[in-house]
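Here's a quick briefing to read with the model open. Have a look at the sequence and the fold, then go through the notes by topic.

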Amino acid sequence: MLLPSEIEARWLLPVLRALIVRRLLNEYHMTQEKVARLLGITQASVSNYVRAVRARGLKPEVVSLLARYANDVADLAYRTQDAQSVAKAIQEALIRIRRDRVLCEVHLLLEPGFDVENCELCQMN
């Protein structure tokens, strides 16, 4: 059985970052270097996210669900231009993804037949 933190680290966080990177580059016309500084990653990682190297493996409908969380973070990143605020916003997005049970939907896709209805792992403090 996959733990919620494994799903976040292996699937959700890479997709969130890729969506944030693309929005900052395409809609806000930031440089890859600026995006890297705001997200606390290297410029090479930004380039990989642009090419989708690190955002593979999830179905398009899951990516669409995650886009609203990513858009909120990207908009905040553009407004604040502050890496610490962006890190906090990403963490808050992951918390909301758990609370909204989006992580449960991803878990079910990764482990078909897993009883997400009776699972309370994401609700643990």
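Predicted model: local features only at pLDDT ≥ 70, side-chain atom pairs only at ≥ 80, totals over all residues.

Residues are numbered from 1 along each chain as its sequence is written, and side-chain values use heavy atoms, with hydrogens and water left out.

**The cavity**

- Rolling a probe the size of a water molecule over the atoms shows where empty space is left.
- A cavity here is a set of points on a 1 Å grid over the protein atoms alone where a 1.4 Å probe fits but cannot get out, and lining residues have an atom within 4 Å of a point.
- Grid points are joined across faces, edges and corners, and a volume is the space filled by probe spheres set on the points.
- The structure holds one cavity of 30 Å³ or more, with about 40 Å³ of space in the largest cavity.
- Its lining is made up of Pro4, Leu103, Cys104, His107, Phe114, Val116, Cys119, Leu121 and Cys122.
- Sorted by class, that lining has eight nonpolar residues, one polar and no charged ones (Ala, Val, Leu, Ile, Met, Phe, Trp, Tyr, Cys and Pro count as nonpolar, Asp, Glu, Lys and Arg as charged, and the others, Gly among them, as polar).
- Helix H6 (residues 102-110) gives the largest share of the lining, three residues; helices (H or I, at least four residues) are DSSP runs, numbered from the N terminus.

**Helix H5 and what follows**

- H5 (residues 83-99) has 17 residues and should span 24 Å at 1.5 Å a residue, which agrees with its end C-alpha atoms being 24 Å apart; the expected span is 1.5 Å times one less than the number of residues.
- Val86, Ala89, Ile90, Ala93, Leu94, Ile97 and Arg98 are buried in H5 (buried means under 20% relative accessible area, exposed over 50%, partly exposed in between, with a 1.4 Å probe and protein chains only).
- Those buried residues pack against helix H1 (4-26), helix H2 (32-39), helix H4 (60-80) and H6, with contact meaning heavy atoms within 4.5 Å.
- Gln84 also sits in H5, but it is exposed at a relative accessible area of 67%.
- After H5 comes Arg101, with a positive phi near 65°; Arg101 lies in the loop between H5 and H6 and is partly exposed at 29% relative accessibility.

**The aromatic pair**

- A search of the whole structure finds one aromatic pair.
- The ring centres of Tyr28 and Tyr78 are 4.0 Å apart with planes at 15°, so the pair is stacked (rings of Phe, Tyr and Trp, its six-membered ring, pair if their centres lie within 6.5 Å; planes under 30 degrees apart count as stacked, over 60 as edge-to-face and the rest as tilted).
- The pair links distant parts of the chain, 50 residues apart: Tyr28 is in the loop between H1 and H2, and Tyr78 is in helix H4.
- Tyr28 is partly exposed at 24% relative accessibility, and Tyr78 is partly exposed at 39%.

- Glu8 belongs to helix H1 and is buried, with a relative accessible area of 12%.
- Leaving aside neighbours within four places in sequence, Glu8 is in contact with Leu13, Pro14, Leu94, Arg98 and Leu103.
- His29 is in the loop between H1 and H2, is exposed at 66% relative accessibility, and has a positive phi near 55°.

Note on methods: 1 Å grid on protein atoms, 1.4 Å probe; cavity = no way out; pocket = protein on both sides within 12 Å on 5 of 7 lines; lining within 4 Å. Helix = DSSP H or I, 4+ residues; strand = E, 2+ residues; numbered from the N terminus.
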